[in-house]
Amino acid sequence: MKRVRGLNLLRLASWGLLSWGCGGATPKQPEASLQEPPVPEVTAAELFERGPHAVGFRTTTVTYDPVGPADARSLALRIWYPAVAGSEGPADYQVGGIVAVPSEGALAEPEPARGGSRSPFIRMGGEGLLAYPYAELFASHGWVVVAANHTGNTAIDNIRKKLDPFATVVVNRPHDVSAVIDWVASDLSRDLPGLVADTDAVFLFGHSIGGFTTFAGAGVDLDVVSLAADCTEPNCAIYADPEVARALTSFGDPRVVAIAPQAPALVASYQLGALAALEVPTLLQSGRRDVTLRDEEQARPAWAGLDHPSDLWVELPEGGHLSFITLCDDLDPRLMEGFQANARDNGCGPDFVPVAQAVRALAAYLLGFARLHVLGEEGWRPLLSGEPLDPAVVVTTR
């Protein structure tokens, strides 16, 4: 295992893979038709800069039948996509329909870029809009990004006192993953004609309880007996439902080929050995000063349990739970405290890494990891595992 601290970006050189001849002093070159194509040289700057596409933004809703006794479940979706620049105005970002979030990076429902797109990047978090800094970067590079509002488990549900019991959230979250991917596969091209996404190769990403959702979506099974024993809510009986128990111990969408959980929750509730058995590469991201999901209780045990040779751990030594989203900058501090009472002590205070810097660095790693493990662009491998891309992070490899 190798760990390296962040260095100044100006010290980064261009990374690439070279093919070298071997044998005598003047080796004979193989026939052109038999040569393997060279791996393109890549640079860190490409992961930080916007790509060639304008970014479109729109919203829609998906409805599906969840497991267990619940009625049909509807999720609001936020969609970012590569678009044709035109006369459209900027996208209207509203958290829960009541809190405006400024952005100059996306357009309101422009025409999709033609010629297909890269694989979808599905973000799972309580409030889908909060993915926008990551989503805009990915969409500008040609990806389709879909983020769900997990009904009954959003910030606005919390403010309105309409949260679902936690046991219900645990059951619903993994199935939201497949419902969103199903929607992309069946309805995306209908809503956005000309836009094509490969749902056989999905990159899944989520923050906090979305980190648990990400692990579950990739096939990490839960210890239902332990969850039931620790449950103190009125809805604990849901774990006794055979359909629910089967769903939580045999889930995993085969269309997910790489994941990136950020500050994941519920790590102690995963089945013994479930992380080591995970067959897809994981980019774990965490903050050492997280007071919501403490590093020693969540991220460190998660890394210790993971065992894929391509796993990568990107830490923010001066990051808290709110260092992964930009609300610390986007909202008035008094309003931010309404979302989380300890915001200043959990990522928003002046002694933490600036959230703009943190999110920018995390997004660069997400994009490089996805291009390596979803698109198969091998040139990114040495860059991601080498000197950190930003002084705010520490990187650990296998």
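Mentor: Let's begin with the helix and then move on to some loops and the cores. The model is predicted, so local features need pLDDT of at least 70 and side-chain atom pairs count only at pLDDT 80 or more, while totals for chains, interfaces and linings use all residues. Residues are numbered from 1 along each chain as its sequence is written, and side-chain values use heavy atoms, with hydrogens and water left out.

Your helix is α4, which covers residues 166-191 and bends by about 45° at Ala185. Helices here are DSSP runs of H or I with at least four residues, strands are E runs of at least two, and both are numbered from the N terminus. The bend is the angle between axes fitted to the seven residues ending at that point and the seven starting there. Of the 26 residues of α4, 20 are buried, so the rest of the structure largely encloses this helix. (Buried is under 20% relative accessible area, exposed over 50%, partly exposed in between, with a 1.4 Å probe and protein chains only.)

Now look for the partner of α4, helix α5, at residues 209-218. The two helices pack at an angle of about 50°, and their axes lie 9 Å apart. (Axes are lines fitted to C-alpha atoms over the stretch in contact, and angles run from 0 to 180 degrees between N-to-C directions.) On the α4 side, the contact is made by Phe166, Val169, Val170, Arg173, Pro174 and Val177. Facing them from α5 are Ile209, Gly210, Phe212, Thr213 and Ala216. Contact means heavy atoms within 4.5 Å.

One more residue of interest in this stretch of the chain is Asp176, whose C-alpha atom is separated by 7.6 Å from that of His150, 26 residues away along the chain. His150 sits in the loop between β8 (144-149) and α3 (155-159), and it is buried, with a relative accessible area of 0%.

Other loops deserve a stop too. Between β10 (256-262) and β11 (283-287) you will find Ala263, and Leu266 is in that loop as well. Most residues other than glycine have a negative phi. Ala263, though not a glycine, has a positive phi of about 45°, and Leu266, also not a glycine, has one of about 65°. Ala263 is buried at 4% relative accessibility, and Leu266 is buried at 14%.

Further along, Thr292 lies in the loop between β11 and α8 (299-305) and is partly exposed, at 40% relative accessible area. Setting aside neighbours within four places in sequence, Thr292 touches His321, Gln340 and Asn346. The C-alpha atoms of Thr292 and His321 are 6.3 Å apart, although 29 residues separate them along the chain.

Finally, step back to the whole. The protein chain has twelve helices and 13 strands, and 57% of its 398 residues count as buried. The largest nonpolar core has 66 residues, and Trp80, Tyr134 and Phe203 are among those with the most contacts inside it. Helix α11 (residues 355-373) gives this core its largest share, 13 residues. A second, separate core of 62 residues includes Tyr64, Val146, Val171 and Leu275. (A nonpolar core is a set of buried Ala, Val, Leu, Ile, Met, Phe, Trp, Tyr and Cys residues joined through side-chain atoms within 4.5 Å.)
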